[in-house]
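Subject: Handing over the structure

Hi,

Here is the structure I promised to pass on to you. Have a look at it first, and then read on for what I found.

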Amino acid sequence: MNAHLEHFTREMAAFADRKREFLEIGRRAGLFPSAIARRDGGAGEQEISVWCSNDYLGMGQHPVVLEAVKDAVDAFGAGSGGSRNIGGTNHYHVLLEKELASLHGKEAAVVFPSGYTANDGALSVLAGRAPGTLVFSDELNHASIIDGLRHSRAEKKIFRHNDTAHLDELLAAADPDRPKLIVLESVYSMSGDVAPLAEVAALAARYRATTYVDEVHAVGMYGPQGAGIAAREGLDGEFTVVMGTVAKGFGTAGGYVAGPAVLIDAVRSFSRSFIFTTSLPPSTAAGALAAVRHLRSSEYERARLAENAQLLHRLLRERGIPFISADSHIVSVFVGDDRRCRRGSALLMERHGIYVQPINAPSVREGEEILRVAPSATHTTQDIEKFAGALDGIWQELGLPTAVPGKP
């Protein structure tokens with residue numbers, strides 16, 4: 001064995017007790033959150049209820065989306081055939097970008113194969129190509145934001161999570177003539193809490209900063225027509241660039257950024273993760289377009305999600321089960337220990353057929369492990385009551401925490 005392989009053999013052996021396991025599941029179209037879990041190479045199967053999916057509104061199985069996907073496959077085949085600038089731009093890509101720009105009231109939008117590549121590619125350009133740009137980034141921003149800023153090579157200042165007083169201090173200390181970019185999320189993926197967007201917008205105006213808000217876990221679910229938290233708060237015009245995804249609330253795959261045409265053109269022209277990769281299959285773009293259009297005219301799915309999240313918040317409070325935030329539909333149940341978090345997840349699956357993925361480092365800090373619960377619009381009231389009861393029994397059995405440290 002060579003030295004390179006020996007290094008990773010030792011590293012993975014030391015990491016064995018924390019190695020990530022990937023559950024193979026088959027989501028059942030028309031029946032989600034029901035799915036079939038497969039173990040041992042498919043030899044064993046179990047019917048389960050999924051409680052950690054990002055398909056928050058069930059659009060991944062909506063008839064209008066499935067029909068659009070099938071029609072596009074019949075018309076254009078399975079793949080796009082190339083990158084966007086070399087044979088891979090289909091009319092559905094163009095229509096989807098126009099729809100997303102309209103959704104956010106922006107001049108233009110550009111679609112990437114994933115949300116990760118959208119953040120990485122857009123921020124590497126927006127932070128990196130304006131000389132001297134100073135970036136202000138929330139400390140809990142997603143890995144894709146961190147990587148995009150790292151690839152931009154721009155200088156950055158990290159402000160404490162959702163701490164606008166700290167952000168104000170950092171902005172005030174900067175050269176007033178230096179280009180500034182504030183980057184944050186609206187709904188944070190692991191905690192479920194919501195950013196103080198009004199305060200951030202006011203600071204951006206005061207210090208003449210460009211703003212970039214990641215609405216990945218908000219688009220589809222919040223605001224008029226599903227345009228996100230900024231739109232819900234009447235602040236959509238205050239944020240320069242909106243980044244989002246069609247892989248969560250819209251139930252398909254892909255990421256995007258929307259904003260002023262000059263910035264979007266720069267991203268199209270210079271983003272390596274846009275230029276040097278195969279574009280979304282036309283069928284995926286068609287399904288995403290159908291989902292966006294449906295949710296712009298339907299409030300039903302958003303209302304169901306809100307009702308289900310509020311019910312779960314109440315039931316967990318009644319049982320003394322701590323969760324980090326009640327701001328959103330992401331219900332991050334606090335465990336604070338990797339081994340017990342894994343054990344709780346395993347017991348939910350074994351005894352109740354409930355699948356909730358344990359979340360550990362590096363997705364969260366060590367000692368802040370969670371069960372990231374995501375009730376969806378497709379769960380019933382009975383599903384939520386059953387889940388809360390099952391979790392309560394396991395909580396008591398394992399002697400898990402009754403509070404989030406440092407939270408009243």
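How many disulfides does the count come to? The count comes to zero, where a disulfide is a pair of cysteine sulfur atoms within 2.5 Å. In general, a disulfide is a covalent bond between the sulfur atoms of two cysteines.

Before the details, please keep in mind that this is a predicted model, in which local features need pLDDT of at least 70 and side-chain atom pairs count only at pLDDT 80 or more, while totals for chains, interfaces and linings use all residues. Residues are numbered from 1 along each chain as its sequence is written, and side-chain values use heavy atoms, with hydrogens and water left out.

C52 is in no disulfide, and the nearest cysteine sulfur, that of C341, is 11 Å away. Seen from C341, the closest cysteine sulfur is in C52, and 11 Å is too far for a bond. C52 is buried, with a relative accessible area of 17%, and C341 is buried too, at 1%. (Buried means under 20% relative accessible area, exposed over 50%, and partly exposed in between, with a 1.4 Å probe and protein chains only.)

Next, the helices. Helices are DSSP runs of H or I with at least four residues, strands are runs of E with at least two, and both are numbered from the N terminus. For packing, axes are lines fitted to C-alpha atoms, for helices over the stretch in contact, and angles run from 0 to 180 degrees between N-to-C directions. Angles under 35 degrees count as roughly parallel, over 145 as roughly antiparallel, 65 to 115 as roughly perpendicular and the rest as oblique.

Helix α3 (residues 91–104) packs against α11 at an angle of about 30°, with the axes 9 Å apart, so the two are roughly parallel to each other. The crossing of α3 past α11 is left-handed (the near helix is turned anticlockwise from the far one by less than a right angle; clockwise would be right-handed). On the α3 side the contact (heavy atoms within 4.5 Å) includes Y92, L96 and L103, and on the α11 side it includes A285, L289 and R296. By class, this contact of α3 with α11 has 11 nonpolar, two polar and three charged residues. (Ala, Val, Leu, Ile, Met, Phe, Trp, Tyr, Cys and Pro count as nonpolar, Asp, Glu, Lys and Arg as charged, and the others, Gly among them, as polar.)

Helix α2 (residues 63–76) also packs with α11, at an angle of about 150° and with axes 8 Å apart. That makes α2 roughly antiparallel to α11, and α2 passes α11 in a right-handed crossing. Among the residues that meet here are V65, A68 and F76 in α2 and S283, G287 and H294 in α11. This contact of α2 with α11 holds 11 nonpolar residues, three polar and no charged.

Another pair to look at is α6 and α7, which pack at an angle of about 10° with their axes 10 Å apart. That makes α6 roughly parallel to α7. T164, L167, D168, L171 and A172 in α6 meet E199, V200, L203, R206 and Y207 in α7, and these divide into six nonpolar, one polar and three charged.

N162 has a phi of about 55° and is found in the loop between β6 (155–159) and α6 (164–173); N162 is partly exposed, with a relative accessible area of 23%. R208 has a phi near 55° and lies in the loop between α7 (197–207) and β8 (210–214); R208 is exposed, at 60%.

There are cis peptide bonds to find as well. One joins F32 and P33, with omega about 25°, and P33 lies in the loop between β1 (24–27) and β2 (34–39). The peptide bond from A361 to P362 is also cis, with omega near 10°, and P362 sits in the loop between β13 (358–359) and β14 (370–373).

I275 counts as buried at 17% relative accessibility. Leaving aside residues up to four places away in sequence, I275 touches S83, N85, R268, S269 and F270.

Enjoy exploring!
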